[in-house]
Every structure is written in C-alpha cells, then in structure tokens.
Amino acid sequence: MKVTSGPVFVLCSLLLLLLQVPDSLGLVPQSRGHLCRTRPTDLVFVVDSSRSVRPVEFEKVKVFLSQVIESLDVGPNATRVGLVNYASTVKPEFPLRAHGSKASLLQAVRRVQPLSTGTMTGLALQFAITKALSDAEGGRTGSPDISKVVIVVTDGRPQDSVRDVSARARASGIELFAIGVGRVDKATLRQIASEPQDEHVDYVESYNVIEKLAKKFQEAFCVVSDLCATGDHDCEQVCISSPGSYTCACHEGFTLNSDGKTCNVCRGGGSGSATDLVFLIDGSKSVRPENFELVKKFINQIVDTLDVSDRLAQVGLVQYSSSIRQEFPLGRFHTKKDIKAAVRNMSYMEKGTMTGAALKYLIDNSFTVSSGARPGAQKVGIVFTDGRSQDYINDAARKAKDLGFKMFAVGVGNAVEDELREIASEPVADHYFYTADFKTINQIGKKLQKKICVEEDPCACESIVRFEAKVEDLLQALTRKLEAVSKRLAVLENRII
C-alpha cells in the first residue's frame with residue numbers, strides 16, 4: 001500500500017477526480033457497496049484523547065473510525081485493526097490480533113473512553129511502531145505483501161518530539177497519515193506524515209466535520225478492479241471506471257438520461273436562454289481573509305463559464321455577515337472582465353453569519369426589476385457559507401424556491417449540511433455541495449459550471465464542458481513538454497560551459 005511505489009494510495013488524490021469528472025459530465029455515480037475490495041493491511045489508529053478533546057468531540061472521532069472500519073474487509077487473513085489511545089500516557093485499547101470480525105471491532109471502538117490529560121504524540125507513535133505492529137500483537141512483519149499503516153488523529157501541539165520516531169517508522173516501511181483538528185500544530189502533522197504529504201496530511205477546522213475524511217480513507221483502502229473492462233456495469237453506451245465504482249456516459253449526439261445509465265438523442269440547434277445569477281457570499285469573520293480570496297476566485301471561476309450579455313447571462317453579487325451589502329446588482333456590468341474586476345475588488349466584511357437575512361434580501365431586492373432582473377429570465381442563486389446561520393433560514397429558503405428561483409447551496413468547513421439542504425432546490429443532491437477545506441472549492445466550481453450552463457440544448461452544453469476539459473488537458477501536456485525541454489537545454493548548457 002506504499003503510495004510512492006504502488007497504485008492503491010494514489011487513490012487518495014484520485015478522490016478529487018471522483019468529485020470532478022463524473023459531475024462535469026452530468027453523471028450519477030453508482031454506489032460502492034460490494035464493488036470495492038480492500039487489500040490485506042495491518043492498520044493501527046493512534047488517537048489523541050487529551051484534555052483539549054471534549055467528550056462529545058471524542059465521540060465524533062469514534063464515528064470517523066467506525067466509518068473507515070465499515071469499508072474494510074476485516075479478518076485474520078484480510079485487514080487487521082488495532083487502536084492506541086493516548087494523552088499523557090499510552091493506552092492500547094485493542095491489538096491487531098484481538099478482533100477477527102468487523103462487528104466485534106465496531107463494538108470495541110464504541111467502548112473506548114477519552115483519557116483527558118496531556119499530549120504525548122511521540123510516545124504514542126513509538127508504542128505503535130515498536131509494540132502495536134509487532135508479531136506479538138498480531139502484526140505480520142514477516143509478510144512483505146501486508147501493508148503497515150498508522151493513522152494519527154490529534155488536535156494539539158505535542159509535549160514531546162515526533163520527528164525522529166516518525167522518520168524511523170517511514171524508513172521501516174510503515175505508511176503514516178496525520179489528521180489534524182482545530183488548533184493543531186500543522187508543522188507536527190508534516191513531521192509525522194509520509195510522502196507525498198498532500199496525500200498524507202489532512203486538516204479539518206473542528207471535530208464536527210472530521211467524518212468528512214472517512215470517504216478519503218474508504219477510497220484509499222479500496223483495491224480497484226476495472227468494472228467497465230469486466231462488463232460489471234449497466235451503462236447503455238459508455239462506461240467510465242473510477243475507484244471501486246463506475247459512471248456512465250453517452251456518445252456524441254446523445255445525452256445521459258436521469259437514470260444515469262441510458263442515453264437519449266439530443267435536440268439540435270438549441271438557443272441560449274436568459275439567466276439572472278446572483279451570488280450570496282458569506283463574509284463572516286470565521287472565513288478569514290486568505291480564504292475569502294479563494295472564495296473570490298471561486299466566483300470568477302463560475303463567471304468564466306457564463307455567456308455574459310444583455311440577452312443571456314447577468315450577474316449580481318451580495319455579501320453578508322451581521323449585515324447585508326450589495327456589491328453590485330444584476331446588469332451593472334456587461335462583460336466578464338468588468339464582473340471579475342469588481343469581484344476582485346470586493347472587501348471582506350467579517351463579523352457574524354446572518355444567512356436568513358441574506359436570503360430575504362435576495363428575494364426582496366436582488367431579483368426585482370428595479371435591481372436589474374429581467375421578467376422571464378431564469379433566476380439562479382448561489383449561496384456560499386462556512387458556518388451555522390445565526391438567524392432563522394427556513395421561511396426565506398422555502399419562499400425563494402416557491403418563487404421558482406433555482407437555488408444552489410455551497411458549504412465549507414463548519415457549514416451545517418441540514419441548512420445547505422434547506423436552501424437547495426430539488427433534487428437536493430444536485431443543488432448542494434460541501435467540502436471540508438477552502439482549498440478544494442475549485443472542484444465545486446467545476447461542478448457548478450455544468451449545473452448552471454445556460455444552453456437550453458444539453459448536448460451543446462456538454463460539448464462546451466468537454467471542449468474546455470480538452471483544452472485544459474492540452475495546456476497541461478504542453479507545459480510538461482516545455483519543462484522537459486527547458487531541463488534538457490540546461491543540461492546541454494552546463495556541458496558546453
């Protein structure tokens with residue numbers, strides 16, 4: 001399972017493709033279920049339960065552990081799981097040899113209680129390496145085909161050193177993942193984790209969202225078989241393999257039906273339709289200035305895909321925190337260039353999160369004729385938030401949908417998914433999006449590009465998306481070639497000198 005030498009944990013990075021590729025084609029992923037098998041592994045969780053981890057937060061960690069375990073093939077000859085609990089001292093909750101079934105493992109996790117003292121992460125890692133993964137505890141050190149993996153979950157700065165013990169573990173072939181929560185020391189995570197670190201270091205802002213990382217590890221442990229090649233799929237025309245699953249697509253001239261499997265002949269010659277699009281952006285203090293810049297890039301990413309004109313797409317922008325501020329109304333700017341410049345110039349409000357008031361403003365002001373809205377144009381609202389609303393949202397969210405507005409809800413970090421669902425239009429699964437990290441909101445942007453495409457003809461819309469993807473691939477290939485040529489020239493130049 002070594003990422004740098006084997007294919008399995010490369011799936012961590014391929015998770016982004018799961019989020020991006022199927023949705024950009026308008027596809028519906030099939031469920032994983034029995035389609036995914038996991039490679040035999042000796043897996044040890046090392047979990048921080050120091051005094052900074054409140055009991056209710058520790059319960060969230062246990063849910064995360066259980067979700068990862070649920071995806072594994074557990075057994076004496078399959079994957080074995082151990083758990084090390086630590087604070088000022090180390091407590092081995094159960095060794096690798098203890099549980100031969102998934103059911104007994106999950107019961108054992110439920111019984112674990114926090115220790116509630118200091119944070120000796122180095123000591124816990126030392127125990128995991130020298131004791132928890134040993135033959136005496138059920139480790140299979142003599143079997144090179146059995147991967148050795150340690151997943152560390154911590155929320156603080158350790159009171160001892162982790163650098164040397166982590167280096168020894170990596171050198172011995174143990175793969176280390178580091179998950180940090182809240183005010184964790186991020187330098188510590190990097191000292192622990194294996195390379196490449198962008199696949200082995202994860203951070204979430206609170207324990208409330210740690211469960212979101214379970215999906216990554218479920219995919220990471222999945223051994224992929226090419227279900228399209230084996231014919232184990234229901235696609236009518238085109239099958240696209242993805243880790244542990246597949247998606248369906250259609251040939252040119254066809255569009256995918258809502259069942260995600262069958263195809264239909266496209267209508268020809270569809271013309272564009274008028275769309276009034278308003279962004280409703282959370283500018284509360286929890287977003288933070290550096291993330292607010294990422295939000296602005298996210299907005300402009302969507303704007304880039306629109307056909308901006310008086311006849312087709314118009315864009316408005318509203319920022320909210322404890323108060324509401326209209327940045328610019330519909331129709332003020334008539335080109336993408338002007339809209340994007342106005343977005344870049346938007347200043348950060350900070351303060352609270354009054355999402356309900358912002359939705360009411362959208363209804364009462366943004367989509368009115370006096371604010372530039374056009375009668376008969378499709379009304380689309382994109383609400384972006386990173387936390388729980390401090391006021392009531394249900395009435396305004398319901399009214400927006402009753403008025404026929406097409407509402408998308410985008411949440412990051414501590415956003416409450418029940419609130420996102422309340423805002424989103426039907427079908428809710430197609431209109432709300434969540435990511436734990438601001439750095440990945442560009443992936444949501446790529447999904448929305450397809451969802452709000454203003455072409456009436458779905459085939460024309462899909463052709464645009466495919467063309468953009470091909471251009472992006474060509475540019476990346478060209479960049480790689482130029483870098484290779486540059487390196488060769490540098491070598492020749494050194495030889496001449």
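Let's start with a salt bridge: Glu 293 pairs with Lys 296, and their closest N and O atoms are 3.1 Å apart. Bear in mind that this is a predicted model. Why can these two pair at all? Side chains of opposite charge can pair when their charged atoms come close. Both residues sit in helix H10, residues 289-303. They are 3 residues apart, so about one helical turn separates them. Lys 296 is buried, at 5% relative accessible area. Glu 293 is partly exposed, at 41%.

Salt bridges can also link up. Lys 212, Glu 417, Asp 418 and Arg 421 are joined into one network through shared partners. The count for the structure comes to 19 salt bridges.

Now helix H2. Here Lys 62 forms a salt bridge with Glu 59, with 3.1 Å between the closest N and O atoms. Is Lys 62 buried or exposed? Lys 62 is buried, with a relative accessible area of 6%. Glu 59 is partly exposed, at 37%.

The next pair reaches further along the chain. Arg 157 and Asp 185 meet in a salt bridge, 3.5 Å from N to O. Arg 157 is in the loop between S5 and H5, and Asp 185 is in the loop between strand S6 and H6, so the bridge ties together parts 28 residues apart in sequence. Arg 157 is exposed, at 58%. Asp 185 is buried, at 16%.

On to the disulfide. There is 1 in the structure. Cys 235 and Cys 248 form it, with their sulfur atoms 2.0 Å apart. Cys 235 lies in the loop between helix H9 and strand S9, and Cys 248 lies in strand S10, so the pair ties together parts 13 residues apart in sequence. Which hand does it have? The torsion about the S-S bond is about -80°, so the disulfide is left-handed. Both cysteines are buried.

Next, the inside. The largest nonpolar core has 61 residues. Phe 45, Phe 64, Ile 151, Ile 210 and Leu 359 touch the most other members. Helix H2 gives the most to this core, with 6 residues. Look at Phe 45: its contacts include Leu 65, Val 68, Val 81 and Ile 151. Another core lies apart, with 28 residues, among them Val 315 and Met 346.

Last, helix H4, residues 121-132. Its buried residues include Thr 121, Leu 125 and Ala 132.

Methods:
Residues are numbered from 1 along each chain as its sequence is written. This is a predicted model: local features need pLDDT of at least 70, side-chain atom pairs count only at pLDDT 80 or more; totals for chains, interfaces and linings use all residues. Side-chain values use heavy atoms; hydrogens and water are left out. Buried means under 20% relative accessible area, exposed over 50%, partly exposed in between (1.4 Å probe, protein chains only). Helices (H or I, at least four residues) and strands (E, at least two) are DSSP runs, numbered from the N terminus. A disulfide is a pair of cysteine sulfur atoms within 2.5 Å. A nonpolar core is a set of buried Ala, Val, Leu, Ile, Met, Phe, Trp, Tyr and Cys residues joined through side-chain atoms within 4.5 Å. Contact means heavy atoms within 4.5 Å. A salt bridge is a side-chain nitrogen of Lys or Arg within 4 Å of a carboxyl oxygen of Asp or Glu. Lists of a residue's contacts leave out its neighbours within four places in sequence.
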